[in-house]
Amino acid sequence: MKKLLFLLVCVCTMQFVWASDDKPIRFEQLPQTAQTFVKKHFPGLKVAFTKADKGWFDTSYDVVFVDGSKLEFDKNGAWKEVKCKGTFVPDAVVPAPVMKYIKANYPDAKVLQLERDRNEFEVLLSNFWKIKFDTDFNVIDLDHDKD
């Protein structure tokens, strides 16, 4: 029984260690798609560091800029998350239907954060509105973060 318990503890410990394998990498080691995205949309920002996060079945990449802005990419280099601190998410990064909705309903607001996964897009605006869109760009949730 003690051996079984010990084995279980070892396996659980190895899972936690293996699941969060963050490794600093050089910018040039990012997937080419991610490198192109950074150079095109954030040419004036200085990269503080880049890292690869190897999970169970996937790898993701993070680019952190000196101003605190952060980009997250999937294993192929497609953006998953864009968080801007000293600037705003470039309009060209925001999907056109999302940008159209923002311009129509919040014309003075800028996008601070943009996140996407398989089922939705989430946007945080400079006026503290958080808007979620489904994959067809229909609004599915609206929340004011200052409330």
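**View 1. Phe37, Phe42, Phe65 and Phe73 form one aromatic cluster.** The model is predicted; local features need pLDDT of at least 70, side-chain atom pairs count only at pLDDT 80 or more, and totals for chains, interfaces and linings use all residues. Residues are numbered from 1 along each chain as its sequence is written, and side-chain values use heavy atoms, with hydrogens and water left out. The whole structure holds 6 aromatic pairs (rings of Phe, Tyr and Trp, the last by its six-membered ring, with centres within 6.5 Å; planes under 30 degrees apart are stacked, over 60 edge-to-face, the rest tilted). Phe37 and Phe42 make a tilted pair, with 6.2 Å centre to centre and 45° between the planes. Phe37 counts as buried because its relative accessibility is 12%, and Phe42 counts as buried because its value is 4% (buried is under 20% relative accessible area, exposed over 50%, partly exposed in between, with a 1.4 Å probe and protein chains only).

**View 2. Arg116 lies over the face of Trp79.** The distance from the ring centre is 4.0 Å (a charge sits over a ring if NZ of Lys or CZ of Arg is within 6 Å of the ring centre and within 35 degrees of the ring normal). Trp79 and Arg116 are also among the residues that line the largest pocket.

**View 3. The largest pocket has about 220 Å³ of space.** Its lining consists of Asp58, Asp74, Trp79, Lys80, Arg116, Asp117 and Arg118. On a 1 Å grid over the protein atoms alone, a pocket is an open set of points with protein on both sides within 12 Å along at least five of seven lines, whereas a cavity is a set where a 1.4 Å probe fits but cannot get out; lining residues have an atom within 4 Å of a point. Points are joined across faces, edges and corners, and a volume is the space filled by probe spheres set on them. The pocket lining divides into 1 nonpolar, no polar and 6 charged residues (Ala, Val, Leu, Ile, Met, Phe, Trp, Tyr, Cys and Pro are nonpolar; Asp, Glu, Lys and Arg charged; the others, Gly among them, polar).

**View 4. The largest cavity is lined by Gln113, Glu115, Glu122, Val123, Leu124 and Lys130.** Strand 6 (111–116) and strand 7 (120–125) are the elements that give two or more residues to this lining (strands are DSSP runs of E, at least two residues, numbered from the N terminus). Strand 7 gives the most, with 3 residues. The cavity holds about 30 Å³ of space, and its lining has 2 nonpolar, 1 polar and 3 charged residues.

Key:
Helix = DSSP H or I, 4+ residues; strand = E, 2+ residues; numbered from the N terminus.
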